[in-house]
Amino acid sequence: MRLIALARSFRARPTLPETTGPLQFRCFQPDFAPRDPDAKPKKYKYPAFYDPYGPRPAPSDKIIQLAERIAALAPEERCQLGPTLGERLRLPKLQPISTEGLDLGSQGGPAGASKAEEKKVEKTAFDVKLEKFDTAAKIKVIKEVRTFTSLGLKEAKDLVEKVPCVLKQGVTKEEANDIIEKIKAAGGVAVME
């Protein structure tokens, strides 16, 4: 009995929001007419092309004559037209846009040149890859792998058993050669990539 009285003391919230004027829902408005389900969709006529500036006035005769004179110029003279107008109107000079880090594909001239430069740049970081090892010298190879990596015995054993695998990444050429010599002395074959 007490539970029912307690439940009645709480005011239940209405499921629809309270309205502060005429009903807010479109279907309750007096001018609402439901859409005919059999009606065909309206077809609109779109312009042949979109012009965001709207209709423009026709160019004056002076502008048309100027355009004809420019079109009649030789291609060499037309090339000089842009820079000359820029100087005369004191327009700011355009700064070249850096394409560094962008892949412009086959058409990118400067990027293609930088790829050739990258090939000339000597590689500084190398990876040491274990190619194979003598099964009799497996334990020696595992011990040697543990000396230059911070792996435990189990991790080093699992790494060696996954041959071919990368033992160490991003080392200098001297360090990579030193590791390769140590692996070779232990009975394995490692290469530098």
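In the predicted model, helix α3 bends by about 30° at leucine 81. A proline follows within four residues of this position, namely proline 83. Helix α3 covers residues 75-88, 14 residues in total. From its first C-alpha to its last, α3 reaches 20 Å, which is close to the 20 Å expected at 1.5 Å a residue.

Just after α3, the backbone at arginine 90 adopts a positive phi of about 55°. Arginine 90 has this value although it is not a glycine. The residue is placed in the loop between α3 and α4, the latter comprising residues 109-120.

A further backbone feature occurs at proline 164, where the peptide bond from valine 163 is cis, with omega near -5°. Proline 164 is found in the loop that lies between α6 (153-161) and β2 (165-171).

Two helix pairs involving α5 were examined. Two packed helices are described by the angle between their axes and the distance between the axes. Helix α5 (residues 138-148) packs with helix α7 (residues 173-186) at an angle of about 160°, and their axes are 8 Å apart. Because angles over 145 degrees count as roughly antiparallel, α5 is roughly antiparallel to α7. The crossing of these two helices, α5 and α7, is right-handed. On the α5 side, the contact comprises Lys140, Val141, Glu144, Val145 and Phe148; on the α7 side, Ile179, Lys182, Ile183 and Ala186 take part. Sorted by class, the residues in the contact of α5 with α7 are six nonpolar and three charged, with no polar residue.

The second pair consists of α5 and α6, which pack at an angle of about 115° with their axes 9 Å apart. The crossing of α5 and α6 is right-handed. Helix α5 contributes Lys138, Val141, Ile142, Val145 and Arg146 to this contact, while α6 contributes Leu153, Ala156, Lys157, Leu159, Val160 and Glu161. By class, the contact of α5 with α6 contains seven nonpolar and four charged residues, and no polar ones. Val141 and Val145 of α5 are listed in the contact with α7 and also in the contact with α6.

How values were computed:
Residues numbered from 1 in each chain as written. Predicted model: local features only at pLDDT ≥ 70, side-chain atom pairs only at ≥ 80, totals over all residues. Heavy atoms only, no water. Expected span 1.5 Å × (residues − 1). Bend = angle between axes of the 7 residues up to and from the residue. Axes fitted to C-alpha atoms, helices over the stretch in contact; angles between N-to-C directions. Parallel < 35°, antiparallel > 145°, perpendicular 65-115°, else oblique. Left-handed = near helix turned anticlockwise from the far one by under 90°. Contact = heavy atoms within 4.5 Å. Nonpolar A, V, L, I, M, F, W, Y, C, P; charged D, E, K, R; others polar.
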